Amino acid sequence: MRRICCCVLSCSVLAWALLWSLPCFAQGGAGGQGKGAPQAAPVLAATATVESIPELVSVVGNAEAASVVEIKARINGELVQAHFEEGQEVRQGDVLFTIDPRPLEAALREAKAKLERNQALLRKAEEDNRRYAQLVNERIISREQFEEKTTNLAALLAQVKADAATVESAEVELTYSSIRSPINGRTGQILVDRGNMIKANDVAMLVIQQIEPIHVQFSVPEALLGEIMARYKAAKLEVRAAPPGREQDPDVGVLVFIDNTVDRKTGSIALKASFENREHRLWPGQFVNVQLVLGVRDRVVTVPSQAVMPSSQGEAVYVIREDNTAEFRPVKTDVRLSAGLPGKVAVESGLSGGERVVVDGHLRLAPGRPVDVRGGVADGGGGGVIGSEALNGKAGGPQ
């Protein structure tokens, strides 16, 4: 029994020795076969281009109506009709409301009647004055009597003028029974229903907002004030505005206002831009992404945003050299210029344009490693990737 146990123990030791020796043989064999050039890493590439780029200041702004008017009655009376639908576009001069005009029409007729009566008395006084002037010249009546008639004529003349003014005032009051739109704009909710008694200059009956054109207000850091002022004096500055999700198709307007005070709390200056807004794509109260165009920078090197990667030395790219090996190259990007480049970044230093850069496959690379370009980025920008299946294991090659 003791002999069998010793035999089993010897076999176990021999098995463990064989297992430990296998990796050594395997490593030795692999080392013998791997002593050659490293395999090329599959990558996607794009070309660094040189182009003219707008210098943009990107902020968030707020759209607001160019004019906001509260419609109030100027006379007392009953509201008898509204001539529009809520949310309707109205033009300047369109009738919005009608207040019962009958009391005003009666007052106008009364004023006209008084005017006609006093005009008749005036004509009689003028005839008497001419007759009395002849009689006083013939010494038939005294001058005192003549002056009395002259005074009566002057009083009637003044009364006729006052009556004419009363008629004119009554006519104006009557026009107030028809409330008209003072601007072109879009109506809101009707705030007073038909049948209510309206008091002059009391509550708002309606709010009209002019949205064509429309304004967008936004603020920029005060550090940019000097540059903005200089360029604003030289030429009109373009401003782009779009709601979130529509940045690729913004509305274009011009800067029309720079505030005269810097906000001490925020260290920013308020600006305002005007947009024609004919298609009503901007709406009052809406938050929009704003881009203020300060100018155009020529000969700017751009690469797809996928090409730039973080590193211990800051931002960097992998450049594909002529011998198809990877070169690690630190770069510096320009944030302001990149704001106007969807899917791309502007490179301030590190590239001169024309170089091929890696846009996908960075993790497989090391400086000097051969690369196998399997595809690229459409048009050298941030568009669709061509040949991406090469990096997804569909075209073979190392993974």
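Predicted model: local features only at pLDDT ≥ 70, side-chain atom pairs only at ≥ 80, totals over all residues.
Helices (H or I, at least four residues) and strands (E, at least two) are DSSP runs, numbered from the N terminus, and two strands pair if DSSP finds at least two bridges between them.

Strand 3 (residues 77-82) pairs with strand 8 (residues 197-198) in the antiparallel sense over two bridges. Gly77 has Ile198 of strand 8 as its bridge partner. Strand 3 also pairs with strand 5 (residues 95-99), again in the antiparallel sense, over three bridges. Here Gln81 has Thr98 as its bridge partner, and Leu79 stands opposite Ile99. In a regular strand the side chains alternate between the two faces of the sheet.

## Helix 2

Helix 2 (residues 102-137) has 36 residues. From its first C-alpha to its last it reaches 53 Å, close to the 52 Å expected at 1.5 Å a residue; the expected span is 1.5 Å times one less than the number of residues.

The buried residues of helix 2 include Leu104, Leu108, Ala111, Leu115, Asn118, Asp128 and Tyr132. Buried means under 20% relative accessible area, exposed over 50%, and partly exposed in between (1.4 Å probe, protein chains only). Helix 3 (143-175) is included in what covers the buried residues of helix 2, where contact means heavy atoms within 4.5 Å. Just after helix 2, Arg139 takes a positive phi of about 60°.

Lys344 lies in strand 18 (residues 344-349) and is buried, at a relative accessible area of 17%. The side chain of Lys344 makes a polar contact of 2.8 Å with that of Glu51. A polar contact is a pair of N or O atoms within 3.5 Å; within protein, one must be able to donate a hydrogen and the other to accept it, and residues adjacent in sequence count only if both atoms are side-chain atoms.

Asp263 belongs to strand 11 (residues 251-263) and is partly exposed, with a relative accessible area of 35%. The C-alpha atoms of Asp263 and Ser219 are separated by 9.6 Å, and the two residues are 44 residues apart along the chain.

## Basis of the values

Local features need pLDDT of at least 70 and side-chain atom pairs count only at pLDDT 80 or more, while totals for chains, interfaces and linings use all residues. Residues are numbered from 1 along each chain as its sequence is written, and side-chain values use heavy atoms, with hydrogens and water left out.
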